[in-house]
Structure formats: C-alpha cells, structure tokens
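Morning, everyone. Today I want to talk about pockets. Have a look at the model first.

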Amino acid sequence: MGLFDRLRGNDNPRVAFIGIDGVPFSLLDEHRDEFPNFAAIADEGSAGDIDSIVPPESSACWPALTTGVNPGETGVFGFQDREVGSYDTYVPMGRDVQAKRLWDRVSEAGMNATVMNVPVTFPPQRNVQRMVSGFLSPGVDKAAYPDEFRDYLQDMGYKIDVNAKLGHKDDKSEFVDDAHKTLDKRFEAFEHYIQEDDWDLFFGVFMTTDRVNHFLFKDYERDGENKEAFMEFYRKVDEYIGKIRDMLPEDVTLMVASDHGFTSLDYEVHFNTWLEQEGWLSYQSDDHSELGDIADEADAYSLIPGRFYINLEGREPRGTVPQDEYESKRAELKEALENLEGPDGNKVAARVVEKEEAFRGEHDDIAPDLVVIPNHGFDLKAGFKGHEEVFGTGPRNGMHSFDNASLYIDDPGASIEDADLFDIAPTILDLMEVEYQRSEFDGGCLLSR
C-alpha cells in the first residue's frame, strides 16, 4: 500500500456527490444544448427524475437523503419542529438528526469523508476528515472543522449562503450578482479539496440553486424579465459540474442530485389563517404570534410546510380533542383540506397524506398528523400572525415540489426509474463497497449489477 492509499484509508472505489439543491430534472433535461455537461452524464451514465420526501422541505430532505430514512427516523420534519409534549418549537440542527449519516458509515469503515455545505449539519462533526456546515450555520468561523480547513475557507472568502434578502427587491440584479459570487466561491473550495485527492467520499452541496429558483423560477417558466439571468446562472452551474467531472480520478463515480423539485409560485397559502377562519384554531389573546398562544378550544394547528397537528388530549399541553375522537376529527380536517380551492378555482392539495403513510420510526410523537402535498402554484405557509387573508403573494415566485427532483449517476449500470430520495444513500454505499443491512434503509440500491 502506497502513501496515497494510506492517506485515503484504503483502495475501495470512491464517490463524489454534488448536491444541486432544488433543481428540477425537467429544467436540465429540456435544455440539453444549454447544459451539455449534464447531458453528457445522462448519455454516458444514468439520469432521471425522482421523487422527494413528505414534506419536500430542505431541512427535512437533506437529513433523509444523507441517511436513507424518513423523518420518522431522522427526527427532522421541517425547518421548524415541535418539542415533545409542548407548544414550544425549535429549528433542527445537525445534532437533532437521530439517524446515521453516510459519512458516519464511511468513517466507521475506515475511510475518509470530506463534507461541504450540507444543510442541517451544524455544528460540524469531528469524526470526519473535514466538514463545513451549510444552511443554518452562523458563519465559517464556527461551521468548519478542523482549524486549518476553517482558516483556508476564511482566507479565500468562502460563502455559506447567498444573501436571500437581496431577492426581495424588485430589481434582482444585486441578488443575481451575489448568487454568482456565492456559487463561484463554492466551486473554488470544491475544486481545491477535490484535487487534494485524500478522501474516499466527497460530499458537497450547491445550495445557491435553491435560492435562485425561489426568486427567478417563474421568470424561467413563463418568460419573465429575468429569464436570461436565470439561464446564465444555470449555464455556470453546468460548467462547474463539467469541470468537477473532468478533474475526478478514474476510480471515482460522480453522482449529482437535488433534494426536491421546483415550480412556479402563484399563491402563498396561510394555513393558520384558514384554520382560524374555518373554526379549527383560536388564540388566547389578540396579540398571537406563536404556537404557544393557541387557545384551549383549538382543534388543530399548522407548521410549515403544510403540516397539520390535531390538538390532541394527552399529547398537546392544552389538547382538546379526546383520543376517541382523533380519527374522526382528522378525517374531517383531511376532507376539508382536500376540498380547499384557490382563487383560480384549482385545488390547493394534490393529496393529503396521513402520518402512518409517510412516517415510520421512533419519533412519532412529533410527527404531523396530516401533510398536504400541494398542487403546483400553491406555496404552503403557517405563520401565527400578520395575515388576514388565506391567499396572498410575497417576494418569491418559485416553490418546492415533491416531484421532479434530479438524479445523475456517472454509471450506465444504474436504474433510476421509480427512484426516490431514499435510494441515494444505499446506492452510494454500494458504489463504495461499504457493507450495510438492507433493512436499515427506506430505499434500495439503484445499481443493476
């Protein structure tokens, strides 16, 4: 065994995973001439659209993708989760992910993992070769391990995230410029550590794609004024994927994937306002601003995105719905949600999923009772004040979708038809020849060999 093998840990096959947060497969596939590097992976390897998870929200999706199990196992259901036996909520961080991550399995197998900018990984783990946390991290100084890694990222001006507030302006030029700078720095850091070539698993995420989609996606789909700026940004994403592919050694398989799809946003749906108007939700005071202010007589409440909780006796602190009425009350709420129409006459919900269908695991006590998967165009919100109308608009014109996530594998032996987010983790482990039990995952390996 040579010096390089000792640095890497062993001579097993390797994987480089590049996340492209929120990129729909149709965008890349319908513009193959514009995005030749994605087209090349599809032609020479395997590619297709895959399903996301319930709910298709980045804070829940990335823990699911990186563990291969559903939120009932990871314990992360969204950007905001509820404390057990309380109306208090919290923002899940890396330590709240209760299932084993891919890089934990790789490290246990004696291999090295470099992990860069994955959402919901703060604070950075110390059982891997190097890690810089992504979305929800306060800054590089606290988000990177070890110290020399942190110092390099700070010195080169690494950006964890784009300044999304710039996207709220009518003129998107400053936002787009910041998005390009963030993307450039992300690629510069990826390039440097990919070429260090001392890892067995390289796992890095471009999250700026999600940010651009939130503010420019309708311009792309409906020929708005920022369509060319949107396409120019994605041409750069394609260019960087091509450069990464070219710099990888022959023993490395490249995988590129998104955590959910995207579509145009027509209406924001303020579900707690709807629940209040329909008599499901009431508050203890007029100045309600949080979940903890709901009144004793409330029957249900909502958290983003589209998660509904029955105010259940014995589970919620001021639960009013008796246990023996739970099923009938939930069925009543489900029917009302299924029948809800937007101002355009279209149904808000594509489907309403009961918790038993979506979630399995030890965290049933904080799982939502119902989850709405919206039809395209309806972005599901759940604030507790500030919205007198159920349907409204905001600064964003793009929204997440459950369908149409992207998966590219630079290996012709993969079968992506009918795949979903849970299949990615076991596929990576198979590519790396890391042993695991099939029953540990909600998905399965996509390799046909």
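One definition before we start: the domain bounds I use come from an automatic or database domain assignment. Keep in mind, too, that this is a predicted model.

So, where does the largest pocket lie? Domain 1 is 12–262 + 397–438, and domain 2 is 265–392. Both give residues to the lining, so the largest pocket lies between them.

Now its volume. The largest pocket holds about 690 Å³ of space. Its lining has 30 residues. Closest to the centre are Glu-57, Phe-79, Ile-304, Lys-381 and Arg-396.

What does the lining look like by class? For the largest pocket, 16 residues are nonpolar, 7 are polar and 7 are charged.

Which elements supply at least two residues each to that lining? They are α10 (208–221), β15 (370–374), β16 (378–381) and β18 (398–401). Of the elements, β16 gives the most, with 4 residues.

On to the second largest pocket. Here we have about 230 Å³ of space. It is lined by 15 residues, and the closest to its centre are Ser-52, Ile-53, Val-54, Phe-402 and Phe-422. Two elements give two or more residues to this lining: β14 (349–354) and α14 (355–358).

Key: Residues are numbered from 1 along each chain as its sequence is written. This is a predicted model: local features need pLDDT of at least 70, side-chain atom pairs count only at pLDDT 80 or more; totals for chains, interfaces and linings use all residues. Side-chain values use heavy atoms; hydrogens and water are left out. On a 1 Å grid over the protein atoms alone, a cavity is a set of points where a 1.4 Å probe fits but cannot get out, and a pocket is an open set with protein on both sides within 12 Å along at least five of seven lines; lining residues have an atom within 4 Å of a point. Grid points are joined across faces, edges and corners, and a volume is the space filled by probe spheres set on the points. Ala, Val, Leu, Ile, Met, Phe, Trp, Tyr, Cys and Pro count as nonpolar, Asp, Glu, Lys and Arg as charged, and the others, Gly among them, as polar.
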